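Open the model in your viewer and keep the selection panel at hand.

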Amino acid sequence: MLVAFSNLALVIILAVSEKTSRLTMSSSSPSRFKIVSCWSKAGVGTSIVLDYCNSPTAGADGKQVNQKKVSHPKDKDKEKTKLNRSPRLPRIVFDLGATPCFDDAISSGVVLISHGHMDHIGAIFSHARAYSLSSQNKPTYYVPTQLVEHLEQARRAMTALDAANDGSGSRKSSLIEMNIVGVQPGDEIVLPIKKHLNGVQLFVRVFGVSHAGCPAVGYIIGSRFAPKLKDKYRNLSGKEIRELVTSGVSIKSDPVEVLEVAYTGDTCASGIVRENLLSPTTFLPNEELAKNDDDRPIASNRSFREQQPLTAQSYKQQAFQCPLILCELTFLEDTEKMRQLSLERGHMHLYDVMPVLKSHKWEEGSKGGGAGSALSHLVLLHLSGRYGAKQALDQISLVVPIQLAHRCSVAISALIEKERTQDTWTNLVHSNGCISVSDYTASKEINNSNNNNNSNERVTSTILRTPPTYSCKSSTTAKNDENHNPQTKMTTPPPTPK
């Protein structure tokens, strides 16, 4: 009996090992995460709130892929009724700067912090306090390992401040409670979310980026689906299934991991460009892919690459295979000064976006699944406040290729306040603060066409209403002539020619 039990245990272990080794990575469907709100302005604040949905969503607006489009982009009520989200399903937040997204972020108990700059972490203690008012559990904050001690010191100070009492009050303890977890490139973490996911496990993978020496990371969120009984065995009895297992037959399908969403955090191009996995110290296998449009190579960072383990580098490549990618973009002007500034401050420049995507073979993937597939959607965020919303969108729409425009959105709400009452294109901004580049381009073309038609009408109208005689005299000479001969002064407009 003992021998039989041991053999059975060995069979089970081998079967599990076999399934684990055949773990499937799948990114051929849209992301199950949709953007609830996204507000980002460089140096001011950044926060992105995501909801996990029951079925895949498409694009930055988070609409279900199997549902009809909303007739009007401002019809938020109809849009929300189509999201099929249970309040119990996970809500996850990337970064916690002081932004208008804060109300949406309060209900999330999982926050992924990319780095320690205040515009990305400034609201973390307010969030912990607000979350404690509605939940008995502590929220968990994942931060780069180098920041854990600094954040713990700040937590102790903020806790003392929040608990300060002169003795007359009833509350003498702080409401700030939080779990702070350090992460580093190459880590994989299973999120502490188990309920109401029907066996789906959410995991996070961490990859390194380069942000001017600041400890910073990017994140991937994925879904792991447990093995299921194969269809051909579902009608068998329990006894028959046990016999198959005893004989070493694999009765379950392979487990499946689905990459859902990636967030780069703040980084320059060298921090996210694709690298050769054969050696952490080598340059790109195809250097021509890592050049700007004017044939200048993207500034490399050899020391940064040497510090990244191979696992972290592979995670970086997986990030650009996700169906939803949140990528930073700060500077836009095509000047040497702005390009140099982007390198010094560790940020992306507009003319770095396409070379980075090409290095991850987005052009090759546009015909199928994986990186750059037709289901992939890119969201650009973190624009500098030096730009107006229309100015930024004009420049971005000129650089993003037509074939990518319908799969690219811009988080524009942080720059739009001053222009909302002036331009009709702002009606195309989704309730989450993003606008599709293709929608903006189409709206711009329509407006330009209408303006040209109106201009032609005004020219035609002016020609029809012009009197048959003209004068080439200056205004001063004409005025003197009118005073000298009052009969030449025109007091009523001429009749319109028939």
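Start with Asp95. It sits in the loop between strand S6 (91–94) and helix H3 (102–105). Helices (H or I, at least four residues) and strands (E, at least two) are DSSP runs, numbered from the N terminus.

A note on the model before going on: it is predicted, local features need pLDDT of at least 70, side-chain atom pairs count only at pLDDT 80 or more, and totals for chains, interfaces and linings use all residues. Residues are numbered from 1 along each chain as its sequence is written, and side-chain values use heavy atoms, with hydrogens and water left out.

Stay on Asp95 and check its backbone. Phi is near 65°, a positive value in a residue other than glycine. Is Asp95 buried or exposed? Asp95 counts as buried, at 0% relative accessibility. Buried means under 20% relative accessible area, exposed over 50%, partly exposed in between (1.4 Å probe, protein chains only).

Next, select Ala212. Look in the loop between strand S11 (201–208) and strand S12 (217–225). Ala212 also has a positive phi, near 55°, and is not a glycine. Its relative accessible area is 47%, so Ala212 is partly exposed.

Now move to Cys214. Its relative accessibility is 15%, so Cys214 counts as buried.

Last, select Cys327. This residue is buried, with a relative accessible area of 3%. Searching the whole structure gives zero disulfides.

How values were computed: Disulfide = S-S within 2.5 Å.
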